[in-house]
Amino acid sequence: MIQLPKERPPVKQISEVVWEISPDYKKDEPKMLVPARIYATKKLMEQMDMGIFEQISNVACLPGIQKAAMAMPDAHWGYGFPVGGVAAFDTKTGIISPGGIGYDINCGMRLIRTDLTWDDIKDKLKPLVDTLFKLVPAGVGGHGTVKLTPQQHKEVMVDGAKWCVKNNYGWQEDIERIEDSGAIEGADPAKVSESAVKRGAAGLGTLGSGNHYLEIQVVKKENIYDEKLAKSLGIFPNQVCIMVHCGSRGFGHQICTDYVSNFKPKMQGWGLKTRDFELACAPFQSNEAQDYLAAMRCAANYAFANRQLIMHRIREGFSKIFNQDAEKLGMNLIYDVAHNIAKVEKHTIDGKTKEVVMHRKGATRAFGPNRKETPKIYRDTGQPVIVGGSMETGSFLCVGTDHAELETFGSTMHGSGRTMSRTAAIKQFQGKKLYDDMLKRGIYVKSVSWEGLAEEAGLAYKDINQVVDTMEIADVSKKVCRLVPVGNVKG
Amino acid sequence: MAKSKFAGKFKPLDIVTAEAAFESYGKTLDEVFANSALAIAETMTDSAKVKPKIKKSIRLVNSDLNALLVDFLNEIVRMTDTDKLFFSKFKTKITDAGGTWILQAELAGEKINPKKHELRADIKAVTWHMFELKESKKGWTARVVLDI
């Protein structure tokens, strides 16, 4: 079990928003191999919980880690890795850790634009949200909107969002607007347990609960920070957009559970000792690690398909309310990004190109215009980065920079980050009162649970402005616009 | 999640920023396993409103007692998600078979009905984070963190 010290470790400020814990902090085996680095403004640094310092320095002890273990400005205490953790491991000498990816494999964000303005939807907001609530199942026990045969399920594991488009749940142009074109290569359904297959069969097209949501948002003129970038991404003043936050549902959760159980008893035989049970890992070159990678990619592709199917239902909902085709409403996908994932990538480290397995847990890839992985349509802007804020305070659209690759292996924040526990939020906020208060402020929320609503109160989160500003100051990601919530469906 | 009516069985813990956690109790291993299962059920719904209509069995074997509890609770999460069932009754029997622990559990519940059942958190997984299962003079105590 992880024991938290009473005092923070010595932290050295490297630049305005970069702070470092020296490897001297943990000298006993397993010792820190690289520094632990935290990205934060001074204000955010003061708010960081103690668990982050412990967890990110524990990550710095894992074999094969490169340069530094990094915590993004939205970081908070997780299990094993902090949420908001970024780490690169040499594929020859390093490890892969399911806890560095998360149980919700390829939890991620999707942003859809429209040609509609706030004036177009303000009188139809309630029926619009109610319709989306019916079309997109949310909460525990939600039934998927597509029942998969075993063969179809395998196809989804391999083809991800491409399976959806092939089966008329989307448009061909959607594919190039999804990270890895919505289907990561190397997925092998044979590496997925029967339990995970059964658990995933009924989950496709569902939001889930916790902090997962779909949200109708408005881009106010004063919240556009870079007009040229905004225009290139299809954003204009008073525009209505839709944001989706969810992942691989029970399918991915079961795959993570299966492989943590698989790795844990074998670690001693591999000579691996970690400072936390949840850092269970396997040498990247081992058969077990390769099996996990192949299974994790199945879950990642399932998550891309899940968000694709949800977008299809959103397009149907808008089409119904506005009595117009989704194409005519301009409901194009802007981008879909993963923020709980491992990727094999090449990065320049100490002047040499090295292959690493990137772990991003509660962190988003943020590649600049010149990375080959950035889609052709975004070669002038950089890869879009979608940052989900709380349902009260708003979210951000940013883009990655070329400098990001040198700074953070092309990684940035994923959201605003919790500061208050769920239990404390339930004690402090009442779901029904929050609902009424938000309605008065022009935000209509439809939730399956009052308790779940209270947990997601805006004050339970960090100041998202500070979070995105941190990574802009670090020249990792650049703000395009802020999106203000007006309607929200949550599980 | 839990109210005082569960005193002596389990209590929620406020120890992890974004997740749920509980401590469960039992005079015997059988009891602490059953009360941990009840805590899982209460995290997802108000189990008092779940009728024990459908019965399920779980049998697990493990040389590690801690792993046996984590696996058992994860199995309940998996069954809830796969079969769309909420559970409310748990009977557990843990046997020490000389270096191997055997769990036999009988669960009862019913199909999830959003009109009838309160929908609380959807548990993604039972984690090893801060996990503890220990015996004292008073009996057994488990501490469990859930990813939600």
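Biologist: Where does Pro30(A) lie?

Modeller: Pro30(A) sits in the loop between β2 (18–21) and β3 (36–39) of chain A. Helices and strands here are DSSP runs, numbered from the N terminus: H or I of at least four residues for helices, E of at least two for strands. Residues are numbered from 1 along each chain as its sequence is written, chains are lettered from A and ligands numbered from 1 in the order in which they are written. This is a predicted model, in which local features need pLDDT of at least 70 and side-chain atom pairs count only at pLDDT 80 or more, while totals for chains, interfaces and linings use all residues.

Biologist: How is the exposure of Lys67(A) classed?

Modeller: A residue is buried if 20 or more other C-beta atoms lie within 10 Å of its own, exposed if 12 or fewer, and partly exposed in between, with C-beta atoms placed from the backbone. Lys67(A) counts as partly exposed because it has 18 C-beta neighbours inside 10 Å. Asn238(A) is partly exposed too, since 13 other C-beta atoms lie within 10 Å.

Biologist: What is the order of the strands in the open sheet?

Modeller: Two strands pair if DSSP finds at least two bridges between them. The open sheet has 7 strands in the order β1-β2-β3-β4-β5-β13-β12 (chain A), and the pairing is mixed. Its edge strands, β1 (12–15) and β12 (340–349) of chain A, each pair on one side only. From one strand to the next, the twist averages 40 degrees.

Biologist: How many bridges join β4(A) and β5(A)?

Modeller: The two strands pair in the antiparallel sense over 4 bridges. They form a hairpin with 1 residue between them, and Gly80(A) in the turn has a positive phi of about 75 degrees. Tyr79(A) stands opposite Phe81(A) in β5(A), and Ala71(A) stands opposite Gly85(A) in β5(A). β5(A) is also joined to β13 (residues 352–361) of chain A by 6 bridges, again antiparallel. In that pairing Phe89(A) is opposite Val357(A) in β13(A). β5 (residues 81–90) of chain A is mostly covered, with 9 of its 10 residues buried.

Biologist: Which strands does α2(A) lie across?

Modeller: For angles, axes are lines fitted to C-alpha atoms, for helices over the stretch in contact, and values run from 0 to 180 degrees between N-to-C directions. Contact is defined as C-beta atoms, placed from the backbone, within 7 Å. α2(A) lies across β2, β3, β4 and β5 of chain A, at about 110 degrees to β4(A). Helix α16 (residues 464–473) of chain A packs on the sheet as well, touching β3 and β4 of chain A, and its direction makes about 145 degrees with that of β4(A).

Biologist: How many residues of α2(A) are buried?

Modeller: α2(A) has 9 of its 10 residues buried. Among them are Ile52(A), Phe53(A), Glu54(A) and Ile56(A). Their cover includes β2, β3, β4 and β5 of chain A.

Biologist: At what angle do α5(A) and α11(A) cross?

Modeller: The axes of α5 (residues 150–159) and α11 (residues 287–322) of chain A come within 6 Å and cross at roughly 95 degrees. Angles under 35 degrees count as roughly parallel, over 145 as roughly antiparallel, 65 to 115 as roughly perpendicular and the rest as oblique; α5(A) is therefore roughly perpendicular to α11(A).

Biologist: How many residues of chain A are in contact with chain B?

Modeller: 38 residues of chain A are in contact with 30 residues of chain B. α9(A) gives the largest share of the chain A side, 6 residues. The predictor gives the complex an ipTM of 0.88 and a pTM of 0.95.

Technical notes. Contact = placed C-beta atoms within 7 Å.
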